Amino acid sequence: MAWRGLPATEPERKPINGPRLEMPQDAIAGLCVLASGSSGNCSVLVIRGETTTRPERVVLIDAGVTPSRTRALLASRGVPLWWIDDIVLTHLDLDHFHNGWKRARDCRATLRLHRRHVGRAERQDKLLHRNEPFDDADGFALGGSTRVTSELLAHDEHGVAALRFNISSPGTESVASLGFATDLGRVTQGLVRHLGGVDVLAIESNYCPEMQRASDRPAFLKKRIMGGAGHLSNAEAADAVGRIGPRDHAVFLHMSRECNQPAKIAELHAASDYAWTIATQHEPTRWVWLKPSPSAASARPSGVVEAQPGLFEGAQAP
């Protein structure tokens, strides 16, 4: 069952200034992590359409950054805010859904949230003009090309939705897939089955256990983070990637600024046969393109490369 709020006016369609979005010919979708960390999480997924003027669908995965900052980050990647069709939430924590989105005048996206989170959204007055709940069993469609399914996992009281996007190429039977999982607490067999074999996997790699234990954080917070309903450590994330087996690329999310370092994540993936990117709080990542056939990403040299401030990426040479 879906429900809608008061009628909303069309968003203001401001002209696109600055860089333009250019998708490779063989890509059917692209993921850019705009920001990831305890101060706010937001990623954008663009899905190719039949025309070259704009994507068929533009989706925010989580919206834990203010609309004004999101607008600027999107613009730097050639995407205006008014293109956003959907905001798909993993959960409702403030760093994953900012309260300011109710007041964003140039965005009239449909909010898609797990049915388990609807009551909390109603109590906290977080629903938007258009709201569509989803269930693990049924999933939902985005336009005519994309099917999204979820697996609810333990995180604090209400749980978190791990998402799988299966995206069809226009006019063909080719499919590319994206797995997106953050704030997991622990990796379950259900999660591995749900995301197994995706082309691109975005998954949290939150903390280094040694740095966590040595930090001056209160004991209750350490227990919450490390106790199986909070976040994944670097080693747990690496184990999850090995079990899930992304075909092309892994993107590491939600890195703790106090209890982690990019080099600690990178060293666990230096010998991988997939490309990888480490997302940060203050700089958007490069585009990670989803392609239905093996991409050239795996041909990049192995190791850690600082491509721009705060961005780390690497791959294993063939």
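Let's start with Trp 82, which is buried at a relative accessible area of 18% (buried means under 20% relative accessible area, exposed over 50% and partly exposed in between, with a 1.4 Å probe and protein chains only). Trp 83 is buried as well, at 5% relative accessibility. The model is a predicted one, in which local features need pLDDT of at least 70 and side-chain atom pairs count only at pLDDT 80 or more, while totals for chains, interfaces and linings use all residues. Residues are numbered from 1 along each chain as its sequence is written, and side-chain values use heavy atoms, leaving out hydrogens and water.

The structure holds three aromatic pairs (rings of Phe, Tyr and Trp, the last by its six-membered ring, with centres within 6.5 Å; planes under 30 degrees apart are stacked, over 60 edge-to-face and the rest tilted). One of them joins Trp 82 and Trp 83 edge-to-face, 6.3 Å centre to centre with 85° between the planes. Trp 287 and Trp 289 have ring centres 5.3 Å apart and planes at 20°, so this pair is stacked. Trp 287 is buried at 15% relative accessibility, and Trp 289 is buried at 17%.

## Helix H1 and its buried face

Helix H1 spans residues 67-76, with Pro 67, Thr 70, Leu 73 and Leu 74 buried (helices, H or I of at least four residues, and strands, E of at least two, are DSSP runs numbered from the N terminus). Down the helix axis, these buried residues fall within an arc of 125°, so they line one face of H1; the arc is taken from the directions from the axis to the C-beta atoms.

The buried residues of H1 pack against strands E2 (29-35), E3 (42-47) and E4 (57-63). After H1 comes Gly 78, with a positive phi near 80°.

## Nonpolar cores

The largest nonpolar core has 36 residues, and those with the most contacts inside it are Val 44, Val 46, Leu 60, Ile 84, Ile 87 and Trp 101 (a core is a set of buried Ala, Val, Leu, Ile, Met, Phe, Trp, Tyr and Cys residues joined through side-chain atoms within 4.5 Å). E2, E3, E4, H1, strand E6 (110-114) and helix H2 (118-123) each give two or more residues to this core. A second, separate core has 27 residues, including Val 88, Leu 178, Val 288 and Leu 290.

## Asp 199 in its loop

Asp 199 sits in the loop between helix H3 (189-195) and strand E12 (200-204), and is buried at 7% relative accessibility. Its side chain makes a polar contact of 2.5 Å with that of Arg 247.

How values were computed. Contact = heavy atoms within 4.5 Å. Polar contact = N/O pair within 3.5 Å; in protein donor to acceptor, adjacent residues only side chain to side chain.
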